[in-house]
Amino acid sequence: MSDDRKLVLYYRPTCPFCIRVLDFIERNGIHVDMRDISDDPEALDTLVRVGGKRQVPCLFIDGKPLYESGDIIDWLHTNR
């Protein structure tokens, strides 16, 4: 994974799609900053303000949101 990219994953620990992404990240040893929107009101505010919706999982890649667990996993797999 390119070290110059800023990756931040917005998630909820009870979301099955988030768990799918988190499992992939863990299995592949990928470093991603994590923001739990269920426990961090500021993270939720940022997700909605910047991403435009409350949907998780959402991977911010250099500040741009990517939604859908399959798309996130595909991007991580291709760019790691």
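**Close-up views of a predicted model**

View 1. Within α3, the residues Ser-69, Ile-72, Ile-73, Trp-75 and Leu-76 are buried. These residues lie on the same side of α3, because the arc they cover around the axis is only 160°. An α-helix has 3.6 residues a turn, so residues three or four places apart point the same way.

**View 2. The largest nonpolar core.** This core comprises 26 residues, and those touching the most other members are Leu-9, Tyr-10, Leu-47, Leu-59 and Leu-76. Two or more residues each come from β1 (7–11), α1 (16–28), α2 (41–51), β3 (58–61) and α3 (69–79). With five residues, β1 gives the most to the core. In soluble globular proteins, nonpolar side chains tend to be buried together.

**View 3. Surroundings of Leu-59.** When neighbours within four places in sequence are left aside, the residues in contact with Leu-59 include Leu-7, Val-8 and Leu-9. Further contacts of Leu-59 are made with Val-32, Lys-64, Pro-65 and Leu-66, as well as with Ile-72, Trp-75 and Leu-76. Leu-59 is itself among the core residues that touch the most other members.

**View 4. Strand β1 and its side chains.** Strand β1 is largely enclosed by the rest of the structure, because five of its five residues are buried. Leu-7, Leu-9 and Tyr-11 point one way from the strand, whereas Val-8 and Tyr-10 point the other way. In a regular strand the side chains alternate between the two faces of the sheet.

**View 5. Pairing of β1 with β3 and β2.** Strands β1 and β3 run antiparallel and are joined by four bridges. From β1 the chain crosses through α1 to β2, forming a right-handed β-α-β crossover.

**View 6. Thr-46 in helix α2.** Thr-46 is located in α2. Its relative accessible area is 18%, and a residue counts as buried under 20%; Thr-46 is therefore buried. Apart from residues up to four places away in sequence, Thr-46 touches Tyr-10 and Gly-51. Tyr-10 is one of the buried residues of β1.

How values were computed
Residues are numbered from 1 along each chain as its sequence is written. This is a predicted model: local features need pLDDT of at least 70, side-chain atom pairs count only at pLDDT 80 or more; totals for chains, interfaces and linings use all residues. Side-chain values use heavy atoms; hydrogens and water are left out. A nonpolar core is a set of buried Ala, Val, Leu, Ile, Met, Phe, Trp, Tyr and Cys residues joined through side-chain atoms within 4.5 Å. Buried means under 20% relative accessible area, exposed over 50%, partly exposed in between (1.4 Å probe, protein chains only). Contact means heavy atoms within 4.5 Å. The arc is that of the directions from the helix axis to the C-beta atoms. Two strands pair if DSSP finds at least two bridges between them. A crossover is right-handed if, with the strands pointing away from the viewer, the path from the first strand over the helix to the second runs clockwise.
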